[in-house]
Structures are given as C-alpha cells and as structure tokens.
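Q: I would like to learn how to read strand pairing, sheets, cavities and confidence in a model. Please take one feature at a time.

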Amino acid sequence: MRSTGIDRRQLLLGTGTGLAALAAHGPAAFARAAQALDAQDPLFAAARREADGTHSVVVTGLDGMTRARVPLPDRGHDVAVCPGTGRCLVFARRPGTFAVLFDPLGRSEPVTVAAVPGRHFYGHGVFSPDGRLVFATENDFETSRGVIGVYDLSGETPVRVGEYWSGGVGPHDILPLPDGRTLVVANGGIETHPDRARAKLNIATMRPNIALIDRPSGSILATIEAPAHLHQLSLRHMAVGAAGKVWIGGQYEGPEDDTPPLMASLDIASGRLAMHDVPDALRGGLANYVGSVALSRDGEVVAASCPRAGKVLYFKAGDGTFLAAQDRIDACGLAPLDQGAFLISDGQGGLSDSLDPAGTPALLAAAPGVAWDNHLVALGPA
C-alpha cells in the first residue's frame, strides 16, 4: 500500500508546509488562485473553524495553503461536489438550517441555500448527475420523520421543489449508486429536535437502516436494518465502490463498555449487510465512534476514522479484512490519494498523508488554532 506519493511528500517538506494566510473572498481572488495552480495540483475542500473562532469552508492543497475561503455563519459539516460542473455545496452541521453553494474556481459568487420552516439539515447532500438538483438529508422535526429535500440550483436563486421520505429516522449521509439512478441513505435512527439542541431522544428504541431510493420518483426500493442486537449502532457515514458495494461506519449509542463492530458493508445485489470487526487489541479503544469513511481511488482499501480515539482504520475492500490502524490525534476527514493512500485532516489543523498504513501518518501541513471539521473531499487530481 505504499504510494509513489512519497516523492511528493519529500518535495512538500523541503519547500515548507506552513498554512499560508491567503484567505480569499470573491470570484476575482478565486480566479487568481486557480490560475496560479499547476494542472497536477490536487485540491480538497473542507469546513473548518478558524483560529479566531469563526467558521468557513476552505479549498486547500497538499501543502495546506489556502487556495480559497468562503465564510460560513456557523459550523459546517460535509461538502457535496457536482460531478459535472465542479460546484460545491457545504452543509451546516446538524441542526443547522443553511447550506452555501460555491465554485472553487470563483466563476460565480457564493449563494446561501436555506432550509424551509420545520426542517433542518443533517450535514450531507448529493447532486444529480446533471448538476441541476441537490438531494439533502433533512429532519421533519415535528414528526421525527427523515426526509430528502430536493433543491433546484439551475437558476440564480435556489428553489426547494419538493421532498420525499428517507426511509427512516435521522437520515445522515446520502450517496449515488453507480447505476446513476439510485440513492443510498444512511438513516442513523436517532430522533432529534432543534429545541433540544443535539440531544438524542430515542436511544432505547433506535432502528437504524440503510435505504435505497429511486432518485427520479422518490420511491423506497429497499430498507436494510442493522441486526437487532445492534439496534443502537447509528449507521452514519458511507463510501460507495464502483461495483455498488456500500461501506458504512457506525456510532454506537449503547453502553460504553460494549465493543460492537463499527464497520458494515452492504452488498446491493443480495441486500446483505455484513459487519466487519477489528482485532481484540483495538476493540475497546475506538470510543465506539467512526467519523468518516472513504474508499481508495483504486477501490482496494476502505479507510475509517475514529477521531475520539485518535485512530484511522484500514480494511480490504474485497472482503472487509482488517489491514492496519494508524495513530493521529483527532483525525477525522479522509480523502483518497493515489495507490491506496489517503489525505487525513484533523481537529488540530493538520493534514497528513497515510503513505504507509502500518506507520504513523506523515504531517504535511499544520495550522495552529485551526480545526478541520469531520469531512474532507477531493476536488482535483491526486
């Protein structure tokens, strides 16, 4: 799993990796930054808390230098990327009610997308293949019903054009399947209400599931529940392989001394949800929490971050065999690089390269006082 990216790492370390104060606001600044980039410079986007306590979404490179920054009114969570246009939509962290549409190359001004009354965002969304629509996981909090909000972003002003049931309670992550038509949704099973902040209201009766939804019609094609004895394993974050296999990371809400498996995979063809565990030496040291899941570019390796435990786990994508674990304090964001490697962001402002999963991730850049949020997405070549 060693990558040819080691030459890249040595180059970065030799030329300095401090995070530059290049925060840019507006299309002109974005365009200047884009023109300065080499065609092979990989770009990444993530929400973060700045050193002064404000929040933003940032476009960065492997060197940690800020290529562009868009201020946010509060904490962000994940960034959805349009496969056709490259436009990005960053969502507020639950129970936030804003999302911000922006172009990482500055070809248009950022635009705010607001949740409608009675709904809040769960932090994730996905574009339609043509980039016209966005499907966002939301909470109908008066009925505790998960919904998928549908937004038309083709005009100057975003318009919410409808919604449909998510297939469960507490929909979190949402991704497209390779067929181009089906959406997969991780319904975490946790009932919440914005009047109770981030309180979890139904831990004893949780029923998380993975739902398959026909995107054009909103019809529920299937729901696959977690095993009954793991009904308190909130299914939260996902990665989808080219063949349609879905990898899911969980956050366990049961007794703290339980050590359940935290990773699952769903075989779409059979509808079978399989659980994947780690060696006994690790089971009690993961804080029962997976923060992000990512699949390598070659499709061979699945990475799962456990930020509360300071671990990143690696599994073989073919059969779920555990491969290795790395230590990195508060590591959560994961984005694929080349040949099975990942870029890792953490809550202490660091960006690391997982060149050798058997060792410690190499710190490429660090920004004191900055905290990267949970997710990191690739925008350009790696």
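Q: Which residue in β18 is the bridge partner of Ile248?
A: The general idea comes first: strands of a sheet pair through backbone hydrogen bonds, either parallel or antiparallel. In this predicted model, the partner of Ile248 in β18 is Ala264.

Q: How many bridges join strand β17 to strand β18?
A: There are 4 bridges between β17, residues 246-252, and β18, residues 263-267. The two strands run antiparallel.

Q: What is the order of the strands in the open sheet that holds this pair?
A: The order is β16-β17-β18-β19, 4 strands with antiparallel pairing.

Q: Which strands stand at the edges, and why is one side of each left without a neighbour in the sheet?
A: β16 (233-240) and β19 (272-276) are the edge strands. Each has a single partner strand, so one side of each has no neighbour in the sheet. From one strand to the next, the twist averages 30°.

Q: How many bridges join β10 to β11?
A: The count is 6, between β10 (residues 145-152) and β11, and these strands run antiparallel. As a residue-level example, Val147 has Trp165 in β11 as its bridge partner.

Q: Turning to cavities, how many of 30 Å³ or more are there?
A: A cavity is a set of points where a 1.4 Å probe fits but cannot get out. With the cut-off of 30 Å³ or more, the count is 3. The largest cavity has a volume of about 80 Å³.

Q: Which residues lie nearest the centre of the largest cavity?
A: They are Pro260, Leu262, Asp277, Val278 and Leu286, out of 13 residues that line the largest cavity. By class, the lining of this cavity divides into 8 nonpolar, 3 polar and 2 charged residues.

Q: What is the mean pLDDT of the protein chain?
A: pLDDT is the predictor's confidence in each residue, from 0 to 100. The chain has a mean of 88, and 88% of its residues reach 70 or more. Over residues 1-39, however, the pLDDT is below 50. Beyond near neighbours in sequence, that stretch has 74 contacts in the model.

Notes. Residues numbered from 1 in each chain as written. Predicted model: local features only at pLDDT ≥ 70, side-chain atom pairs only at ≥ 80, totals over all residues. Heavy atoms only, no water. Contact = heavy atoms within 4.5 Å. Pairing = 2+ DSSP bridges. Axes fitted to C-alpha atoms, helices over the stretch in contact; angles between N-to-C directions. 1 Å grid on protein atoms, 1.4 Å probe; cavity = no way out; pocket = protein on both sides within 12 Å on 5 of 7 lines; lining within 4 Å. Points joined across faces, edges and corners; volume = space filled by probe spheres on them. Nonpolar A, V, L, I, M, F, W, Y, C, P; charged D, E, K, R; others polar.
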